[in-house]
Structures are given as C-alpha cells and as structure tokens.
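Q: I am new to this structure and would like a close look at one part of it. Could you take me to a residue in the core, show me what surrounds it, and then work outwards from there?

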Amino acid sequence: MPRDICGIPFIDLLGEHITAALAEPTTTHGLARTLRAAAKEIELSRYHRASQRAYPNGIEERPAKVQIGGGSHQLDGFFNIDLVPPADLLWDVREGLPLQDNTVELLFNEHFLEHIDYPQSAKGFARESHRVLAPGGHVVTGVPDAAFVLDRYPAAPDQATEMVERWYAKRSCQGDINTFLDLVNYVFRDQDDDPKYTPHLWAYDFEKLVQLFSEAGFTTVEPWPFDATLANPKREWASVYVIATK
C-alpha cells in the first residue's frame with residue numbers, strides 16, 4: 001500500500017474518501033457505522049503520528065505523576081496524556097506509553113480502560129504501566145463496575161431508573177433502554193450511532209482488575225478508597241477502583 005499519493009499521505013486521502021462516502025445518501029446504515037469508526041481512528045492517528053514525529057523516543061521529561069485518558073478532567077500537578085485535546089501530550093496509549101522506564105510514581109486513569117480493546121490493548125496497557133512505574137509506584141484504575149449492574153439482574157425496568165438518570169441523562173439513547181437487559185448491554189457495550197461517544201469494548205469488576213494487573217507483574221492489587229480530590233466525583237457511583245503496586 002502506498003505511503004502517499006502525489007505527496008499527500010494515503011491515510012489523509014482515505015479520510016477524505018470516507019467523509020465523501022458518509023455524505024452520500026445511498027451509503028447503507030451498516031457501512032456508515034463502520035466508516036464513522038474508521039474516520040474516528042484516522043483522526044486519532046493524526047494526533048498520534050504528530051506526537052511520534054515530535055518524540056520518536058518518548059518524552060524526555062520524567063513526570064512523577066501521570067494521568068491517562070482524563071478528557072476534560074485535567075489534574076493539577078499531573079502530566080496528562082490523552083488521544084484528544086485537551087492534554088499535555090496527544091498519544092494513542094494502545095501503542096504503548098511514551099514514558100521512560102522506572103520513572104513514574106503515580107499513574108492514574110478512570111473510565112478509560114473499558115474503551116480500549118481486550119486483550120491486546122488492555123493487557124498491553126497493564127504491562128506498560130508496570131514498565132514505567134518506579135519500584136513501589138502505583139497505578140490507580142477506575143472503571144464502571146460490571147458487578148454493580150449484574151448483581152441487580154434480573155430486575156424490573158423501573159429499577160434501572162437511577163442508573164439511566166445518572167449515566168445517560170444527556171444521551172439520546174434513553175428511549176431505547178426498555179428493559180433491564182438493555183441497560184446491561186449499554187454497560188458492557190455502550191455502542192450507539194452518536195460519534196461523540198466512545199463505545200465500551202470490555203467490562204470489568206474487581207476480580208478482573210486484580211487478575212489483569214497481577215498478570216502484568218504487580219505485587220499487590222487492592223481496592224482504592226475513592227478520593228474526590230483526585231478522581232472525578234461524578235465517577236464514584238457504580239464504579240470500582242483498584243490501586244496496583246509495583
């Protein structure tokens with residue numbers, strides 16, 4: 001496959017063709033969903049490639065505290081890495097962490113892990129976290145707690161009311177959560193046709209997080225007592241957090 005055509009990177013030309021196809025009224029629903037996902041990945045790839053060119057060997061700084069995938073919830077005193085702005089560095093962590101070995105004291109992430117594919121990217125992230133942390137360093141990870149919703153299944157649709165109001169109040173999918181199992185599906189997959197939202201690709205509970213980080217080499221993986229000075233207070237309800245120590 002050519003790297004460029006007439007000096008224009010092939011991936012950018014592909015993006016233009018996808019945009020044109022999405023504007024075509026004859027493009028089918030299934031194809032449009034696939035093309036939107038591809039368009040999003042092309043956009044993310046542009047950010048990542050620009051950072052790769054700027055930092056081919058990773059960043060030279062050795063930040064003691066790093067947040068991954070925080071979105072608009074930026075943490076003071078942390079070096080913030082994310083796929084999209086705002087962030088101190090735009091980087092696709094599915095391709096590894098651009099940090100030096102044994103340098104980070106605290107790595108923090110919440111409601112990020114469920115958005116990357118398992119096993120390759122999720123297990124890769126756990127291994128990379130172990131690599132960049134200094135001995136005795138910690139990674140704190142928070143995710144939607146699959147056990148929270150599964151413990152309530154089966155249940156009547158009205159028992160999902162609080163979950164829907166807390167999680168989907170600003171979403172257009174509320175009318176499609178017609179049974180409690182619909183809610184379970186959203187927790188595990190959360191895929192709709194709104195490109196603003198990133199789908200869930202894997203579900204986690206405490207047991208799974210312990211297994212994931214233990215396999216990556218961490219000595220201990222324990223429950224993390226929620227700290228609203230660090231974590232987003234909106235994330236506490238129905239989430240599970242662990243702290244893994246190298």
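A: Let's start at Leu113. Setting aside residues up to four places away in sequence, Leu113 touches Ala122, Phe125, Thr141, Val143, Tyr204, Leu209 and Leu212, where a contact means heavy atoms within 4.5 Å. Before going on, please note that this is a predicted model, in which local features need pLDDT of at least 70 and side-chain atom pairs count only at pLDDT 80 or more, while totals for chains, interfaces and linings use all residues. Residues are numbered from 1 along each chain as its sequence is written, and side-chain values use heavy atoms, with hydrogens and water left out.

Leu113 belongs to the largest nonpolar core, a group of 33 residues, and is listed with Ile68, Ile81, Leu107 and Phe213 as having the most contacts inside it. A nonpolar core here is a set of buried Ala, Val, Leu, Ile, Met, Phe, Trp, Tyr and Cys residues joined through side-chain atoms within 4.5 Å. Buried means under 20% relative accessible area, exposed means over 50%, and partly exposed is in between (1.4 Å probe, protein chains only). Elements that give two or more residues to this core include strand 3 (65–68), strand 6 (104–110), strand 7 (133–144) and helix 7 (206–215). Helix 3 provides the largest share, 4 residues. Helices (H or I, at least four residues) and strands (E, at least two) are DSSP runs, numbered from the N terminus. Apart from this core lies another, of 14 residues, with Val149, Ile177, Phe180 and Ala238 among them. In soluble globular proteins, nonpolar side chains tend to be buried together.

His111 counts as buried, at 15% relative accessibility, and its phi is near 50°, a positive value in a residue other than glycine. Asn102, in the loop between strand 5 and strand 6, also has a positive phi, near 55°. Asn102 is partly exposed, with a relative accessible area of 43%.

Two aspartates are worth a visit as well. Asp190 sits in the loop between helix 6 (180–188) and helix 7 and is buried, with a relative accessible area of 8%. Leaving aside neighbours within four places in sequence, Asp190 is in contact with Tyr168, Arg171, Asn185, Thr198, Pro199 and His200. Asp158, by contrast, is exposed at 56%, in the loop between helix 4 (146–150) and helix 5 (161–168). Pro154 lies in the loop between helix 4 and helix 5 too, and a cis peptide bond joins Tyr153 to Pro154, with omega about 0°. Another cis peptide bond runs from Pro85 to Pro86, with omega near 0°; Pro86 is in the loop between strand 4 and strand 5 (89–90).

Finally, step back to the whole chain. There are 7 helices and 9 strands. The radius of gyration, taken over C-alpha atoms, is 20 Å, close to the 18 Å that the globule rule gives for 246 residues, so the chain is as compact as a globular protein of that length. That rule is 2.2 Å times the number of residues to the power 0.38. Buried residues make up 43% of the 246 residues. Among contacts between residues at least 6 apart in sequence, 62% join residues at least 24 apart.
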